[in-house]
Amino acid sequence: MQKKIPMRQCLGCREMKPKRDLIRVVRSPEGTISIDTKGKAPGRGAYICHDLQCLRRAIKGKAISRAFEIEIPQEIYDHLTEEMEAQS
């Protein structure tokens, strides 16, 4: 029997993809926003593809801000952009 693969929706393209293929952005219980590279950090998570176009769409539509119900600092967007460019 095959193990079930957890699926998550990308905030940019709105497609369901395997959780391991996405970047997790997390809002901790204290309210800080960070990028969760391990996928285990406590708090509310939102997922985005490893694609700059998806990130741009999520920023333009304020999808990450809506997911966490707070304003996202520009540093988080800059860090996400740097991480995606490094992986390309």
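This is a predicted model: local features need pLDDT of at least 70, side-chain atom pairs count only at pLDDT 80 or more; totals for chains, interfaces and linings use all residues.
**Stop 1: strand β3**

Start by selecting residues 22-27, which make up strand β3. Of the 6 residues in β3, 5 are buried, so this strand is largely enclosed by the rest of the structure. Now bring in its partners. Strand β4 (residues 33-36) runs antiparallel to β3, and 4 bridges join the two. Strand β5 (44-49) is also antiparallel to β3, this time with 6 bridges.

To see how the strands line up, pick out a few pairs. Val-25 stands opposite Ile-35 in β4, while Leu-22 has Cys-49 as its bridge partner in β5. As you look along these strands, keep in mind that side chains in a regular strand alternate between the two faces of the sheet.

**Stop 2: the turn from β3 to β4**

Next, follow the chain from β3 into β4. These strands form a hairpin with 5 residues between them. Select Gly-31 in this hairpin: its phi is positive, near 100 degrees.

**Stop 3: the salt bridge**

How many salt bridges does the model contain? The count comes to 1. To see the salt bridge, show the side chains of Asp-36 and Arg-24, whose closest N and O atoms are 2.6 Å apart. The pair links distant parts of the chain, with Asp-36 in β4 and Arg-24 in β3, 12 residues apart. The two residues are also bridge partners across the strands.

**Stop 4: Lys-38**

Move on to Lys-38, in the loop between β4 and β5. Its relative accessibility is 70%, so Lys-38 counts as exposed, the cut-off being over 50%.

**Stop 5: Glu-83**

Now select helix α3 (residues 74-87) and find Glu-83 within it. Which side chain of opposite charge is nearest to Glu-83? The answer is Lys-38, your previous stop, but it is 11 Å away. Glu-83 is buried yet has no salt bridge, because a salt bridge needs a side-chain nitrogen of Lys or Arg within 4 Å of a carboxyl oxygen.

What does surround this glutamate? Setting aside neighbours within four places in sequence, Glu-83 is in contact with Ile-23, Ile-35 and Thr-37.

**Stop 6**

Arg-14, in the loop between β1 and β2 (16-18), has a positive phi of about 65 degrees although it is not a glycine. Glu-69, in the loop between α2 (63-68) and α3, also has a positive phi, about 60 degrees, without being a glycine. Glu-69 is exposed, with 70% relative accessibility.

**Stop 7: a nonpolar patch**

Finish on the surface by selecting Ile-5, Met-7 and Met-16. Together they form a nonpolar patch with about 300 Å² of accessible area. Ile-5 sits in the segment before β1 (7-9) and is exposed, with a relative accessible area of 56%.

Note on methods: Residues are numbered from 1 along each chain as its sequence is written. Side-chain values use heavy atoms; hydrogens and water are left out. Patches are made of residues with over 30% relative accessible area and no salt bridge: like charges are joined within 9 Å, nonpolar side chains (Val, Leu, Ile, Met, Phe, Trp, Tyr) within 5 Å. Accessible areas come from the Shrake-Rupley method with a 1.4 Å probe; for residues, only the protein chains shown count as cover. Buried means under 20% relative accessible area, exposed over 50%, partly exposed in between (1.4 Å probe, protein chains only). Lys and Arg count as positive and Asp and Glu as negative; His and the chain ends are not counted. Contact means heavy atoms within 4.5 Å. Two strands pair if DSSP finds at least two bridges between them.
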